[in-house]
Amino acid sequence: MNGLRIAALMAATMLTGLVAGVFGIYANAFMPGLAKTDDKTFVGAFQAVDRAIINPVFLGLGFFGALISTALAGALSLQEESLPWIAAAFVLYLAVVIITVSVNVPKNDAIKAAGDPDTIDVAAVRAAFDESKWRAFNLVRVVLNTVAFGLLTWALVLTGKAASA
């Protein structure tokens, strides 16, 4: 059981860090880069990237895997000193999932549903997308996700100390 607990905590930490990195790249490179493009490029590139990121590796293993492995690590650590840190990380990451599903995904879906950038009013689609709102909520995801990663890292430190005692 101890091996499974440690494996779950390591998986939770790595996957949470991976997702924090993805959202961080969106915040620091992808969206600022797209902000400098014309409307047609913005809509077309956003549609293509969002279609590409909807895949089993990111969604199943990364995005939802981080939530599931954090819950598992917590459930297997009920009597451990690391539990409060894992629980706090779970709550923060759950907030990331809720923000993603309630704010970012609907905006992503709307821009994809708008249609081919060659045949639509790309200026209207871009304006309706509301980049500033998407970016603001993405920044919240970055901060919450990064803090959750830090909390899980600390839980690993505590787990290592307890194992060596």
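User: Is the crossing of α1 and α6 left-handed or right-handed?

Analyst: Keep in mind that we're looking at a predicted model here. The axes of α1 and α6 come within 8 Å and cross at roughly 155°. That angle makes α1 roughly antiparallel to α6, because anything over 145 degrees counts that way. As for the hand of the crossing of α1 and α6, the answer is left-handed.

User: What about α1 and α2: at what angle do they pack?

Analyst: Helix α1 covers residues 2-35, and helix α2 covers residues 39-53. Their axes sit 11 Å apart. The two helices are roughly antiparallel, since their angle is over 145 degrees. The value is about 160°.

User: Which residues of α2 make the contact with α1?

Analyst: First, α1 passes α2 in a right-handed crossing. On the α1 side, the contact comes from V22, Y26, F30, M31 and L34. Taking both sides, the contact has 10 nonpolar residues, 1 polar and no charged. On the α2 side, the residues are T41, F42, A45, F46, V49 and I53.

User: How far apart are the axes of α4 and α5?

Analyst: Helix α5 takes in residues 122-129, and it packs with α4 at an angle of about 170°. That's over 145 degrees, so α4 is roughly antiparallel to α5. The distance between their axes is 10 Å.

User: Which residues in α5 do K107, N108 and I111 in α4 meet?

Analyst: By class, this contact of α4 with α5 has 4 nonpolar, 1 polar and 1 charged residues. K107, N108 and I111 are the α4 side of it. Across from them, in α5, are V125, A128 and F129.

User: Which element gives the most to the lining of the largest pocket?

Analyst: The largest pocket has a volume of about 260 Å³, and 18 residues line it. The elements giving two or more residues to that lining are α1, α2, α3 (56-75), α4 (83-113) and α6 (131-164). The top contributor, with 7 residues, is α4.

User: Which residues lie nearest the centre of the largest pocket?

Analyst: Start with what the lining is made of. Its residues divide into 11 nonpolar, 3 polar and 4 charged. Nearest the centre of the largest pocket lie I54, F58, T100, V105 and N108.

User: Zooming out, what pattern does the protein follow along the sequence?

Analyst: The C-alpha trace spans about 65 × 25 × 20 Å along its principal axes. The secondary structure comes to 6 helices and 0 strands. Read along the sequence, then, the pattern is α-α-α-α-α-α.

Conventions
Residues are numbered from 1 along each chain as its sequence is written. This is a predicted model: local features need pLDDT of at least 70, side-chain atom pairs count only at pLDDT 80 or more; totals for chains, interfaces and linings use all residues. Side-chain values use heavy atoms; hydrogens and water are left out. Axes are lines fitted to C-alpha atoms, for helices over the stretch in contact, and angles run from 0 to 180 degrees between N-to-C directions. Helices (H or I, at least four residues) and strands (E, at least two) are DSSP runs, numbered from the N terminus. Angles under 35 degrees count as roughly parallel, over 145 as roughly antiparallel, 65 to 115 as roughly perpendicular and the rest as oblique. A crossing is left-handed if the near helix is turned anticlockwise from the far one by less than a right angle, and right-handed if clockwise. Contact means heavy atoms within 4.5 Å. Ala, Val, Leu, Ile, Met, Phe, Trp, Tyr, Cys and Pro count as nonpolar, Asp, Glu, Lys and Arg as charged, and the others, Gly among them, as polar. On a 1 Å grid over the protein atoms alone, a cavity is a set of points where a 1.4 Å probe fits but cannot get out, and a pocket is an open set with protein on both sides within 12 Å along at least five of seven lines; lining residues have an atom within 4 Å of a point. Grid points are joined across faces, edges and corners, and a volume is the space filled by probe spheres set on the points.
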